Amino acid sequence: MGQIGGFLRYGRQENPGQGPLERIGHWNEFHRLLPLEERQRQGARCMECGVPYCQSGLPLGRMVSGCPLHNLVPEWNDLVYGGNFDLALARLLKTNNFPEFTGRVCPALCEAACTCGLNGEPVTVRDNELGIIEDAYREGRMAPHPPATRTGKRVAVVGSGPAGLACADQLNRRGHNVTVFERDDRPGGLLMYGIPNMKLEKQVIQRRLQLMEAEGITFCTGMDVGAGQNAKELLADYDAVVLCCGAKQPRDLAVPGREAQGVHFAVDFLSRNTKSLLDSQFMDGNYVDPRGKRVVVVGGGDTGNDCVGSCIRHGCSWICQLEMMPQAPETRRADNPWPEWPQICKTDYGQQEAIAKFGADPRRYSTTLTEILQNEEGGVAGVRTVRLGEGLKPLPGTEEVLDCDLVIIAAGFLGCQGYLPQALGVELTSRSVVQTAPDSYATNLPGVFAAGDMRRGQSLVVWAIREGREAAREVDTYLMGYTNLP
């Protein structure tokens with residue numbers, strides 16, 4: 001695979017991006033693709049390693065090592081190196097329905113497991129993946145291919161995030177008639193409203209949705225099944241129902257002052273922000289505006305980082321990100337060897353932008369919020385914090401007050417919103433996700449299935465796509481008695 005010794009001849013070259021102070025002036029993606037010749041050199045770096053951990057997707061240590069979709073990474077890297085982009089596209093789409101999404105937002109579990117990363121720099125797997133699919137769109141090779149025959153079976157997919165879209169795509173290819181129900185005004189779920197535009201421009205999603213529609217999938221927006229829409233009608237009207245509504249129940253803060261005006265969940269902050277951008281370029285004012293405000297983001301994960309980047313683009317005057325856990329090491333610990341996922345400190349785009357604009361990393365590690373202070377009008381005036389020691393126990397004498405005007409809670413999610421499962425009579429687990437049979441996507445109701453975050457809890461886009469694909473196989477077997485879906 002690749003060029004013999006290519007990983008020794010060529011260094012790792014990622015897709016180039018704009019500098020932090022330049023990109024904060026807009027809401028567009030800020031990376032551009034490498035020229036074709038350089039992309040082929042990056043494909044040449046994929047060595048014939050014998051055991052491709054990059055595509056394993058197997059539990060190792062505390063996390064999965066390699067791609068959960070089992071992408072045929074060495075195969076299409078070799079094809080990129082050889083300039084055969086047609087066949088590279090075919091091999092890529094064999095395992096991944098939406099490489100234009102994962103090529104932008106996936107944390108690249110494949111690269112963490114790349115053999116080249118053991119003693120050097122891993123192959124640019126994610127960038128190569130994106131290069132293949134974007135080349136295909138640019139050259140007009142991503143044309144609709146509706147199924148030649150239809151089975152006559154009708155399937156309802158509730159939720160149009162990555163799991164729902166992957167499930168719908170697979171079932172449509174099989175020839176079933178698929179309708180996707182989405183409660184928002186645009187399909188895409190997490191992809192559309194949960195991920196900021198600078199990470200995933202929405203025309204990328206719309207481009208794929210148009211392709212899926214041309215292939216025969218029906219999208220119904222503004223349909224809040226279980227609330228405004230009678231959920232049990234689906235059971236009567238469709239041969240199978242797949243629930244892919246995500247895990248959007250945010251974890252709240254049980255602290256004094258939580259009721260203050262100016263406290264928002266990250267999921268609401270981000271979704272309102274993107275909707276206003278798409279609807280009116282923020283002219284409608286239907287978003288939380290951090291302009292000129294001092295902002296505290298509670299949570300140190302990817303969602304918190306997205307909030308940091310968004311607030312900076314709006315022109316906040318100061319920003320701080322509170323993280324309960326201690327700072328991760330700069331390099332792997334002895335108990336975290338390759339090819340495990342590296343538990344190291346990562347400075348993401350939002351933090352890079354905060355450092356460039358304000359001169360300091362916004363993160364405060366081993367710190368938690370204990371109170372939200374209010375002004376006379378009931379608005380946020382500040383937060384009281386405390387440092388955490390061993391066992392995440394508060395350290396006496398480390399209390400501090402941070403003046404701020406806006407608090408964004410990005411502390412994770414507790415599971416799915418319960419009104420749809422309740423309306424259908426679908427059972428939930430103690431983690432507030434849909435209960436399915438062991439090693440199955442089937443719920444306690446015959447013909448009703450669940451996939452994605454709604455079944456496994458908050459996770460990655462790549463895992464949602466895998467769940468959607470596997471659920472589609474089980475639905476197909478339920479409908480037809482067997483399946484030939486990959």
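**View 1. Lining of the second largest pocket.** Helices here are DSSP runs of H or I with at least four residues, numbered from the N terminus. By that numbering, α11 gives the most to the lining of the second largest pocket, with three residues. The model shown in this and the following views is predicted. The pocket has a volume of about 240 Å³. Its lining includes Leu89, Leu93, Arg141, Met142, Ala143 and His145. Asp169, Arg173, Arg208, Leu211, Met212 and Glu215 are also among the lining residues. The elements that give two or more residues are α5 (85-93), α9 (162-174) and α11 (202-214). By residue type, the lining of this pocket divides into six nonpolar, one polar and five charged.

**View 2. Cysteine 244 and cysteine 167.** The sulfur of cysteine 244 has its closest cysteine sulfur in cysteine 167, 5.3 Å away. A disulfide needs the two sulfur atoms within 2.5 Å, so this pair is too far apart for a bond. Cysteine 244 is buried, with a relative accessible area of 6%.

**View 3. Cysteine 404 and cysteine 320.** Cysteine 404 is in no disulfide. The nearest cysteine sulfur, that of cysteine 320, lies 8.8 Å away. Cysteine 404 is buried, at a relative accessible area of 0%. The disulfide count for the structure is zero.

**View 4. Arginine 455 and glutamate 467.** These side chains meet in a salt bridge, 2.8 Å from N to O. The pair links distant parts of the chain, twelve residues apart. Arginine 455 belongs to helix α17 (residues 453-456), and glutamate 467 to helix α18 (residues 461-480). Glutamate 467 counts as buried, at 2% relative accessibility.

**View 5. A salt-bridge network.** Glu29, Arg104, Glu134 and Arg207 are joined into one network. The links are salt bridges that share partners. The structure holds 32 salt bridges.

**View 6. Arginine 258 and aspartate 252.** A salt bridge joins arginine 258 to aspartate 252. Their closest N and O atoms are 2.6 Å apart. Aspartate 252 has 39% relative accessibility and counts as partly exposed.

**View 7. Arginine 186 and aspartate 185.** Arginine 186 forms a salt bridge with aspartate 185. Here the closest N and O atoms are 3.4 Å apart. Arginine 186 is partly exposed, with a relative accessible area of 22%. Aspartate 185 also counts as partly exposed, at 37% relative accessibility.

Definitions and conventions. Residues numbered from 1 in each chain as written. Predicted model: local features only at pLDDT ≥ 70, side-chain atom pairs only at ≥ 80, totals over all residues. Heavy atoms only, no water. Buried < 20%, exposed > 50% of the residue type's maximum accessible area, 1.4 Å probe, protein only. 1 Å grid on protein atoms, 1.4 Å probe; cavity = no way out; pocket = protein on both sides within 12 Å on 5 of 7 lines; lining within 4 Å. Points joined across faces, edges and corners; volume = space filled by probe spheres on them. Nonpolar A, V, L, I, M, F, W, Y, C, P; charged D, E, K, R; others polar. Salt bridge = Lys/Arg side-chain N within 4 Å of Asp/Glu carboxyl O.
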